[in-house]
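Subject: Structure handover

Hello,

Here is the structure for your files.

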Amino acid sequence: MTAAAMAAVACAACSMETPEVGRLGRLHVAPAENVEMFSLRRGETFGELLHGTISANEQAALLLAFQEHASPRRMREGTEITLRYLKGEEAVRRIDVALSPDETVRLSREPLGWGSELIETPIYVDTMFASGEIESELWTAVVMNPALSTMPAADRNEMIHHLDQVFQWQVDFYRQIQSGDTYRFVVEREVRPDGSMRSARLLAAELVNADEPFHAIWFDPNGDGQGSYFDLEGESVRRSFLLKPLEFRRISSYFTNSRRHPILNTWRSHRGVDYAAAAGTEVMATADGVVIQRGPDGGYGNSVQVRHANGWVTRYAHLRGFRSGVVVGTRVRQGEVIGYVGQTGLATGPHLHYEMLQSGRFVDPLSVDLPAGDPVPSDDRMRWLEESGVRVALLDGIPPSGPVRTLLVDAEPVEAEATTTATTPRLQ
Ligand SMILES: [Zn+2]
């Protein structure tokens, strides 16, 4: 390109843009208001924070206005409070109290006191696609996935939690994941303007473990958010027992018939599974049942035993403590917290010792064949075929994973997205 031609191009650009810029005037306009931000300190009240800024009389009116939308008790340590003043004015014009990432109470000075309104943080719904290859463990592969780097760390953790929830019966993320395993998932999210998620639901996920693919496809026949996950054949991914009584954790000791006991220092069988976990980690009942023992029990330390249907009993040992209200006779649901990891009894460090017995015989919780949950009801079969087809197509639209690679699509998703959005109930 000649210099003349370049000048012509530049001029064309000038003639289009310069007048616009000209009308804008100064680029830097001094803010029309002064803003002060505070974070409520431990034990500090709203009134204390406003002391010296707002008179005691006005504070009463302010609190009344606030109470139209929320209890002052919701103002806890760390609550962000923003004060705005008009330039050159002494008096506060507006106060924003951020109750949560989703709700702010806005207090505004009015001619006769204070008015208030509740402002909800706007959200948008998107569909996110991710895939990758696992080098060592799933947690690292997802959290360190460079394509997810714009996602807040807490949200990346949340994604692993979701994957763990849907695949918990098929694959033990710590024990079974191998180098070269791959994952793909499609997730529908509610996202705030700052990029953080308000909620997320996996629509479809695939985990290829040792060349064996596992699928979990969300299906909610009634559209009430009470759906469930099924494999490609419409069989439930759920089992009547959770595979493990706590979330994705390291297993420190497997079920064996003979091993050296770390404290007794003698060979004895270990008829359970030990999960190393931080003291205080929540321990869940692995199936619906009734508590038949709760309290100290010799080497088990603080222990809970739960009786389930068909002669099954589970035991949770070395607990630091029990969830309040859990006593002998309490009915518990699958996944309900019953106690907290500790190291009571014969334990060298904080861990959970978990046992399963059927008709009084010990079984290995990691290899027992657990009864399956219900498949897609036959009445819903047509809907299932339709909806799962769309979701599987979404999954298949994700490019094959390379070494930890992810595709994040929002502007131009695969063709099927429009259909998905139409048929997918909004997150509940
Ligand atoms: Zn143990």
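Predicted model: local features only at pLDDT ≥ 70, side-chain atom pairs only at ≥ 80, totals over all residues.

Residues are numbered from 1 along each chain as its sequence is written, and side-chain values use heavy atoms, with hydrogens and water left out.

Overall make-up

The chain has seven helices and 22 strands; these are DSSP runs numbered from the N terminus, with helices being H or I of at least four residues and strands being E of at least two. Of its 428 residues, 44% count as buried. Buried means under 20% relative accessible area, exposed means over 50%, and partly exposed is in between (1.4 Å probe, protein chains only). The accessible surface comes to about 22,600 Å², and 51% of that belongs to carbon and sulfur atoms. Those areas come from the Shrake-Rupley method with a 1.4 Å probe, and for residues only the protein chains shown count as cover. Among contacts (heavy atoms within 4.5 Å) between residues at least 6 apart in sequence, 63% join residues at least 24 apart.

Confidence

The mean pLDDT (the predictor's confidence in each residue, from 0 to 100) is 80, and 80% of the residues reach 70 or more. Confidence is lowest in helix α7 (residues 417–423), with a mean of 27, and highest in strand β17 (residues 302–307), at 97. The pLDDT is below 50 over residues 257–261, a stretch with 18 contacts in the model beyond near neighbours in sequence. Residues 264–268 also stay under 50, and there the model has 12 contacts beyond four places in sequence.

Salt bridges

Side chains of opposite charge can pair when their charged atoms come close. The cut-off for a salt bridge is a side-chain nitrogen of Lys or Arg within 4 Å of a carboxyl oxygen of Asp or Glu. A search of the whole structure finds 19 of them.

One joins D102 and R192, at 2.8 Å from N to O. D102 is in the loop between β3 (92–100) and β4 (103–110), and R192 is in the loop between β7 (182–191) and β8 (197–209), so the pair links distant parts of the chain, 90 residues apart. D102 is buried at a relative accessible area of 15%, and R192 is buried at 9%.

R184 takes part in two of these bridges. With E206 the N to O distance is 2.9 Å; E206 is in strand β8 and R184 in strand β7, 22 residues apart. Both E206 and R184 are buried, R184 at 14% relative accessibility. R184 also meets D396, at 3.5 Å. D396 lies in helix α6 (residues 381–396), 212 residues from R184.

Nonpolar cores

A nonpolar core is a set of buried Ala, Val, Leu, Ile, Met, Phe, Trp, Tyr and Cys residues joined through side-chain atoms within 4.5 Å. The largest has 46 residues, of which L163, F167, F185, L202 and L207 touch the most other members. The elements giving two or more residues to this core include α5 (153–167), β7, β8 and α6. Strand β8 gives the most, with seven residues. Apart from this core lies another, of 25 residues, among them V332, V341, L352 and L366.

Not counting residues up to four places away in sequence, F167 touches F173, A205, E206, L207, F214, H215 and A216.

Two histidines

H351 lies in strand β21 (residues 351–358) and is buried, with a relative accessible area of 10%. The side chain of H351 reaches the backbone oxygen of G349 at 3.1 Å. Beyond four places in sequence, H351 is in contact with residues including D274, A317, H318 and V341.

H353 lies in strand β21 and is buried at 7%. The side chain of H353 makes a polar contact with the side chain of D274 at 3.1 Å. A polar contact is a pair of N or O atoms within 3.5 Å; within protein, one must be able to donate a hydrogen and the other to accept it, and residues adjacent in sequence count only if both atoms are side-chain atoms. H353 and V273 are 80 residues apart in sequence and 5.7 Å apart in space, C-alpha to C-alpha. Leaving out residues up to four places away, H353 touches residues including H270, V273, D274, Y300 and R315.

Regards
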